[in-house]
Amino acid sequence: MTVTVLAVGSPGRLLGPAIQDYEERAARYWKLEARTVDPEKATKNRAVDDVMAAEADRLTAATPDRSEVVALTRTGKHWSSRDLARYLNQLAVRGSEGATFVIGGAYGLHPRFVREAQRRLSLSSMTLPHDLARLVLAEQLYRAGTIVRREPYHKG
């Protein structure tokens, strides 16, 4: 089973090293693949919906076949760390191809992309910059692995 993190844009200098660290840690537990797509250029004369739609097309093209898509969105379901661990463990037990967690760009994910995703996950009711969302997700993927293996990292 492969866990894919698919994001619009590459991590920046500030959070990039922390993201890389947690993604490497998570890769001890899951076959982890990090993919990025280029952000769409926004201009004054271009509608936000057009920018989001172009990014959604890139994300769709970059999504692995037969992977369950989990759109990260403020309006998604709130999962605990144990819920995430249970979800990933169930996918592995079922022999699933995996899950792809998708993080949008500056304007978020296009509503069409969110509707078409099999699941919607909220990391917070607050709007998070996409690098911070990716860091939180990477840490939670690592934490989920430690929960599944009953290792002492998770204290909650």
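Predicted model: local features only at pLDDT ≥ 70, side-chain atom pairs only at ≥ 80, totals over all residues.

Visitor: Is E40 buried or exposed?

Guide: A residue counts as buried when its relative accessible area is under 20%. E40 has a relative accessibility of 18%, so the label for E40 is buried.

Visitor: How many salt bridges does a search of the whole structure find?

Guide: Another example is the salt bridge between D21 and R25, with N to O at 3.2 Å. Searching the whole structure gives a total of ten.

Visitor: What separates D21 and R25 along their helix?

Guide: Both residues sit in helix α1, which covers residues 16-26. D21 and R25 are four residues apart in the helix, so the separation is about one helical turn.

Visitor: How far apart are the closest N and O atoms of D83 and R86?

Guide: Here we move to helix α3, residues 81-94, where D83 and R86 are three residues apart and so separated by about one helical turn. D83 is partly exposed at 29% relative accessibility, and R86 is partly exposed at 46%. The two form a salt bridge, and their closest N and O atoms are 2.9 Å apart.

Visitor: Which strands do R119 and E68 belong to?

Guide: R119 and E68 form a salt bridge, with 2.6 Å between the closest N and O atoms. This pair links distant parts of the chain, 51 residues apart. R119 is partly exposed at 33%, whereas E68 is buried at 16%. As for the strands, R119 is in β5 and E68 is in β3.

Visitor: In what order do the five strands form their open sheet?

Guide: Strands of a sheet pair through backbone hydrogen bonds, either parallel or antiparallel. In this sheet the pairing is parallel. The edge strands, each pairing on one side only, are β2 (31-37) and β5 (119-122). Reading across, the order is β2-β1-β4-β3-β5.

Visitor: What is the bridge partner of T2 in β4?

Guide: Strand β1 (residues 2-8) and strand β4 (residues 98-103) pair in the parallel sense over six bridges. T2 has its bridge partner in β4, and that partner is G98.

Visitor: What is phi of R66 near?

Guide: R66 has its place in the loop between α2 and β3. With a relative accessible area of 65%, R66 is exposed. Its phi is positive, in a residue other than glycine, and the value is near 60°.

Visitor: And what is phi of R150 near?

Guide: R150 lies in the segment after α5 (130-148). R150 is exposed, at 77% relative accessible area. Here too phi is positive in a residue other than glycine, and the value is near 55°.

Technical notes
Residues numbered from 1 in each chain as written. Heavy atoms only, no water. Pairing = 2+ DSSP bridges. Helix = DSSP H or I, 4+ residues; strand = E, 2+ residues; numbered from the N terminus. Salt bridge = Lys/Arg side-chain N within 4 Å of Asp/Glu carboxyl O. Buried < 20%, exposed > 50% of the residue type's maximum accessible area, 1.4 Å probe, protein only.
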